[in-house]
Amino acid sequence: MKKSILIVEDIHSIREAIMDLLSTKFNVFGAEHFEEAVWYLTNEKIDLTITDIRLPGKSGIDLVTLIQREFPHILYALMTAYNINEYIKYAKDLHIWNIIPKYSFLDIHLIEVMVEKLLSNDIFGIEKYFTGDFKVYNQNINSEFEDAPNNGIIYKQIKSDQDRSILCGKISKNLIQLGAPKAIQQVLEELTSNAMIRAPRTHEGEYKYQFEIPSHDMVVPLDNIQLMPDDYFLIGYGATESTIFIVVRDQFGSLRKEEILHRLDRHISIDESTGFPKGLEDSHGRGLYICREISDQLIFNIEAGVCTETIAMINREGRTGFKSLSIYEVDPKQKTNP
């Protein structure tokens with residue numbers, strides 16, 4: 001049976017474009033404002049609601065609040081033509097994990113991917129974001145560095161801090177030659193450092209390769225880390241005609257949606273007493289914020305206790321507009337009872 005989606009958008013052309021895009025695979029309904037959306041939620045079996053934040057009358061955030069209270073079985077996501085950073089605090093407080101920009105119809109495919117990931121519970125894999133003959137090369141993960149493939153991604157395994165340092169240096173040089181900004185090196189360093197140091201946990205939830213000082217919100221990594229085999233992780237890199245990307249995938253799934261939004265909010269929100277971001281002196285979380293600022297898209301895919309996959313994508317033709325908030329987590333209930 002087809003899933004049903006409600007699109008709430010007051011601009012007719014945008015609403016119709018999204019509905020046309022999704023109608024081949026889903027039952028799609030359209031609403032122009034809050035009251036009309038409530039009618040559909042009450043009278044139709046809706047699986048997912050995608051709503052603009054700014055609507056005539058009550059807002060999309062008001063609609064999400066209603067869904068959470070009255071229709072808890074319905075999934076939801078937001079979209080906006082404005083700076084998504086302005087809504088990170090709302091996202092944190094209301095547990096909103098996906099806000100997508102609508103600055104360009106060239107990126108409307110992101111909406112299609114978002115819908116399929118949310119409704120299918122099949123969230124992993126950068127290949128979902130590309131069509132045609134995009135290829136995944138993961139047969140030689142233990143071989144030496146290779147240049148980024150054209151229209152594909154190649155994966156390499158990292159076993160130690162030395163491996164990480166050498167491979168990050170070679171990957172960044174290769175991707176810069178393909179048009180990535182020099183700051184791509186920092187994205188690589190931050191994402192691989194998180195996978196190596198913060199992701200591995202014991203069965204008791206303790207860090208394996210760093211010390212935590214909770215009273216100071218600090219973590220101190222060990223020197224010259226040599227990972228145990230169960231802690232090895234993958235780094236993927238590649239390019240298409242339009243996009244350069246990095247994928248880091250660990251075997252723990254210890255990152256939490258709430259932690260991502262907490263850290264982003266800390267670095268976006270300004271402390272009125274100092275004029276600086278609240279998280280300026282935090283010992284961690286700054287790297288996540290920086291990676292999001294450098295990347296055009298930063299996407300988190302999480303299955304608790306199994307895997308965290310972080311995808312950073314950079315447009316080869318320059319900045320495309322505001323950044324999405326893209327956090328996906330496998331629902332164990334859906335996984336066991338599809």
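Predicted model: local features only at pLDDT ≥ 70, side-chain atom pairs only at ≥ 80, totals over all residues.
Start with helix α5. This helix covers residues 109-120, twelve residues in total. From its first C-alpha to its last, α5 reaches 16 Å. That is close to the 16 Å expected at 1.5 Å a residue.

How much of α5 is covered? Mostly covered is the answer: nine of its twelve residues are buried. Look for them in the model. The run L110, I111, E112, V113, M114 and V115 is among them. K117, L118 and L119 are buried too. An α-helix has 3.6 residues a turn, so residues three or four places apart point the same way. Just after α5 comes N121, which takes a positive phi of about 70 degrees.

Another charge and ring meet elsewhere. R54 lies over the face of Y82, at 3.7 Å from the ring centre.

Now turn to rings that meet rings. A pair of aromatic rings is described by the distance of the centres and the angle of the planes. The count here comes to seven aromatic pairs. One of the pairs is W39 with Y40. Their centres are 5.2 Å apart, with 90 degrees between the planes, and the pair is edge-to-face. The two partners can be described by their accessibility. W39 is partly exposed, with a relative accessible area of 47%. Y40 counts as buried because its relative accessibility is 17%, and buried means under 20%. Ring pairs also bring in F29, linking F29, W39 and Y40 into a cluster.

A second pair joins F130 and F245. Their ring centres lie 5.4 Å apart and their planes stand at 35 degrees, so this pair is tilted. Where do F130 and F245 lie? F130 is in the loop between α5 and β6, while F245 is in strand β11. The pair therefore ties together parts that are 115 residues apart in sequence. Both F130 and F245 are buried.

Finish at S295. This residue has its place in the loop between α9 and β12. Is S295 buried or exposed? S295 is buried, because its relative accessible area is 0%. What does its side chain reach? The side chain of S295 reaches the backbone oxygen of C291, at 2.8 Å.

Definitions and conventions. Residues numbered from 1 in each chain as written. Heavy atoms only, no water. Helix = DSSP H or I, 4+ residues; strand = E, 2+ residues; numbered from the N terminus. Expected span 1.5 Å × (residues − 1). Buried < 20%, exposed > 50% of the residue type's maximum accessible area, 1.4 Å probe, protein only. Phe/Tyr/Trp six-rings, centres within 6.5 Å; stacked < 30°, edge-to-face > 60°. Lys NZ or Arg CZ within 6 Å of the ring centre and 35° of its normal. Polar contact = N/O pair within 3.5 Å; in protein donor to acceptor, adjacent residues only side chain to side chain.
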